[in-house]
Amino acid sequence: MNILISNDDGYLSQGIALLARVASEFANVRVVAPERDRSGVSNSLTLDRPLRIRQAENGFYFVSGTPTDCIHLGLHALTDFQPDLVISGVNHGANMGDDTLYSGTVAAATEAYLMGIPAIAFSLNSSRFASYADTVERAVWTVLSHVLATPPSLPILWNVNIPAVAVHELQGFEITRLGRRHHTQSIIPATNPRGEDIYWIGTVGEVADNESGTDFAACEAGKISITPLQVDLTAHSQRDALKTFFQNMKM
């Protein structure tokens with residue numbers, strides 16, 4: 001069994017070190033991750049410049065690109081290692097609801113899924129990773145032990161969010177759906193040393209949908225949220241109405 005690991009926080013993050021250590025208890029592991037923090041880059045590819053891949057002293061490979069780039073290079077440049085499973089994370093911060101659209105952590109798993117490889121993204125619902133490392137380790141170990149005991153017959157794409165609670169306060173698992181956040185995005189104006197106007201993207205909006213059954217609600221209740229994802233963006237409910245609308249259209 002081979003497991004390829006990536007993330008969006010960079011190859012030096014605490015989360016990826018823990019993920020690699022736990023995964024190595026189950027399988028052969030290879031880490032291919034960005035050389036620096038690439039949070040929020042979603043599924044972007046680097047197309048305006050060539051990529052470099054190097055190996056650190058700890059054996060991890062680091063790439064001068066995005067999480068999606070890392071998956072491509074891990075599969076097609078380092079061809080001596082063919083993964084049976086791809087895992088991403090553990091992200092220092094939640095990836096729930098609308099966050100999954102922006103997340104590089106989820107994007108790395110998504111790219112593997114699109115290539116027919118089972119994939120799981122792991123995130124902690126806190127930026128204070130060291131405070132909850134024991135909880136993260138327990139959650140990751142439990143998920144991997146179950147998945148690898150009965151490997152999926154078809155590619156899966158799971159988004160796992162771990163609550164920021166002490167390990168003895170974990171309340172088990174819940175299979176969830178994505179919640180929603182308000183789309184309000186704050187913009188923080190500033191001035192650079194040359195006196196020019198610059199702007200920072202601020203924090204995400206408040207949670208808009210944390211009803212029972214959502215990833216937000218599960219984490220609030222101390223449960224590990226597992227949300228199965230899919231990539232089909234087709235609005236199937238609109239197809240019949242559109243057929244009727246356009247049926248008499250002439251070019």
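These numbered points walk through a predicted model, from its sheet to single residues.

1. **Ground rules.** Residues are numbered from 1 along each chain as its sequence is written, and side-chain values use heavy atoms, with hydrogens and water left out. As the model is predicted, local features need pLDDT of at least 70 and side-chain atom pairs count only at pLDDT 80 or more, while totals for chains, interfaces and linings use all residues.

2. **The sheet.** Start with the strands. Helices (H or I, at least four residues) and strands (E, at least two) are DSSP runs, numbered from the N terminus. An open sheet is built from 9 strands, in the order β3-β4-β2-β1-β5-β6-β7-β13-β8. Its pairing is mixed. Two strands pair if DSSP finds at least two bridges between them. Strands of a sheet pair through backbone hydrogen bonds, either parallel or antiparallel.

3. **The edges.** Which strands stand at the edges of the sheet? They are β3 (53–55) and β8. Each has a single partner strand, so one side of each is left without a neighbour in the sheet. On average, neighbouring strands of this sheet are turned by 20° against each other, direction ignored.

4. **A parallel pair.** Strand β1 (residues 2–6) and strand β5 (residues 85–92) run parallel, joined by 4 bridges. Take Ile3 as an example: its bridge partner in β5 is Leu85.

5. **Helices on the sheet.** Helix α1 (residues 14–23) packs on the sheet and touches β1, β2 (28–34), β5 and β6 (119–124). The direction of α1 makes about 140° with that of β5. Helix α5 (residues 133–149) lies across β1, β5, β6, β7 (157–162), β8 and β13 (224–228). It runs at about 165° to β6. Axes are lines fitted to C-alpha atoms, for helices over the stretch in contact, and angles run from 0 to 180 degrees between N-to-C directions. Contact means heavy atoms within 4.5 Å.

6. **Leu4.** This residue lies in strand β1. Is Leu4 buried or exposed? Leu4 counts as buried, because its relative accessibility is 1%. The scale is simple: buried means under 20% relative accessible area, exposed over 50%, partly exposed in between (1.4 Å probe, protein chains only). Leaving aside neighbours within four places in sequence, Leu4 is in contact with residues including Arg30, Ile71, Phe81 and Ile87. Leu4 and Ala119 are 115 residues apart along the chain, yet 9.4 Å separates their C-alpha atoms.

7. **Salt bridges.** A salt bridge is a side-chain nitrogen of Lys or Arg within 4 Å of a carboxyl oxygen of Asp or Glu. How many salt bridges does a search of the whole structure find? It finds 6.

8. **Arg30 and Asp80.** Arg30 lies in strand β2 and Asp80 in the loop between α2 (67–76) and β5, so the pair ties together parts that are 50 residues apart in sequence. Arg30 is buried, at 12% relative accessible area. Asp80 is exposed, at 61%.

9. **Asp99 and Arg181.** Here the closest N and O atoms of the salt bridge are 3.0 Å apart. Asp99 sits in helix α3 (residues 99–102) and Arg181 in strand β9, so this pair links parts that are 82 residues apart in sequence. Asp99 counts as buried, at 11%. Arg181 is buried too, at 16%.

10. **Glu174 and Lys223.** Their side chains meet in a salt bridge of 3.7 Å, N to O. Glu174 is in strand β8 and Lys223 in the loop between α6 (215–220) and β13, so the bridge ties together parts 49 residues apart in sequence. Glu174 is partly exposed, at 21%, and Lys223 counts as partly exposed at 27%.

11. **Backbone points to check.** Most residues other than glycine have a negative phi, and most peptide bonds are trans. The peptide bond from Gly89 to Val90 is cis, with omega near -5°. Val90 is in strand β5. Ser42 is not a glycine, but its phi is positive, near 55°. Ser42 is found in the loop between β2 and β3.

12. **Arg177.** This residue lies in the loop between β8 (173–175) and β9 (180–181). Arg177 is partly exposed, at 38% relative accessible area. Arg177 and Pro228 are 51 residues apart in sequence and 7.7 Å apart in space, C-alpha to C-alpha.
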